Amino acid sequence: MELINKYFPELTDDQRSKFSEMEELYQYWNARVNVISRQDIDTLYERHILHSLGIAKVQPFKSGTSVLDVGTGGGFPGIPLAIMFPDAQFHLVDSIGKKIRVVQEIADALKLTNVKAEQIRAEKLDDSYEFVVSRAVTRITPFVGWVRKNISRNSFHELRNGILYLKGGDLTEELAELPHKKRVFELSDYFSEEFFETKKVVYVPL
Ligand SMILES: C[S@@+](CC[C@H](N)C(=O)[O-])C[C@H]1O[C@@H](n2cnc3c(N)ncnc32)[C@H](O)[C@@H]1O
């Protein structure tokens with residue numbers, strides 16, 4: 001939790017208490033349904049919550065923004081972003097029902113009224129969103145193919161509407177095969193912990 005305070009010192013008491021409640025909730029739910037790797041539960045704040053909030057550093061979401069999180073698993077990056085931006089609306093989807101049930105339990109326990117969790121495959125979604133966020137679902141090129149149809153054009157942010165995908169490691173090959181415009185944000189520009197040395201947000205505008 002100190003890490004969240006370090007990089008986001010201006011949180012409200014309500015946001016702070018929601019972030020601190022996450023640890024117990026994930027310990028409880030992850031013991032029943034494996035939504036994050038068991039060894040990672042000890043590094044929840046760094047590897048899951050702060051990592052998800054890398055997107056908040058790249059593009060803070062304004063009030064009224066609609067955001068789709070595809071392949072949310074146990075709620076990453078969607079849940080931390082929904083706490084960070086209570087006036088934006090988040091649709092968290094995953095193809096696996098039991099993961100979505102955990103996400104819904106966690107969102108309810110945290111009283112996140114801006115979160116809707118749904119079991120559905122990304123390819124079947126037909127709503128529109130300003131931004132699509134994601135982490136660890138598939139290679140970026142097929143991902144863009146799944147969700148381009150779901151990005152609206154009414155841009156009112158600094159970045160044009162598009163995809164914000166959390167990725168790690170060497171992306172040279174993956175980015176070379178991607179036939180769209182893209183920009184890569186290094187999370188080490190925002191967070192100094194070693195974990196973030198290779199972590200990036202790949203932004204693909206509509
Ligand atoms: C490795 S997990 C990552 C979960 C989460 N984003 C995270 O970073 O902790 C990938 C998730 O994507 C989901 N997924 C894969 N393909 C999908 C699709 N086409 N539509 C919706 N969800 C999908 C899987 O069910 C799985 O929960």
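I was working with a predicted model, in which local features need pLDDT of at least 70 and side-chain atom pairs count only at pLDDT 80 or more, while totals for chains, interfaces and linings use all residues. Residues are numbered from 1 along each chain as its sequence is written.

I then looked up the buried residues of H5, which are Lys99, Ile100, Val102, Val103, Ile106 and Ala107. Seen down the axis of H5, these fall within an arc of 155 degrees (taken from the directions from the helix axis to the C-beta atoms), so they line one face of the helix. An α-helix has 3.6 residues a turn, so residues three or four places apart point the same way.

I checked what covers this buried face and found that helix H2 (13-32), helix H4 (78-84), strand E2 (89-94) and strand E3 (115-119) are included. Strands are DSSP runs of E with at least two residues. Just after H5, I recorded a positive phi of about 55 degrees at Lys111.

Last, I turned to Val132. Not counting residues up to four places away in sequence, Val132 touches Leu68, Val70, Val147, Asn150, Ile151 and Ile163; touching means that the C-beta atoms, placed from the backbone, lie within 7 Å.

Note on methods:
A residue is buried if 20 or more other C-beta atoms lie within 10 Å of its own, exposed if 12 or fewer, and partly exposed in between; C-beta atoms are placed from the backbone. Helices (H or I, at least four residues) and strands (E, at least two) are DSSP runs, numbered from the N terminus. Two residues are in contact if their C-beta atoms, placed from the backbone, lie within 7 Å.
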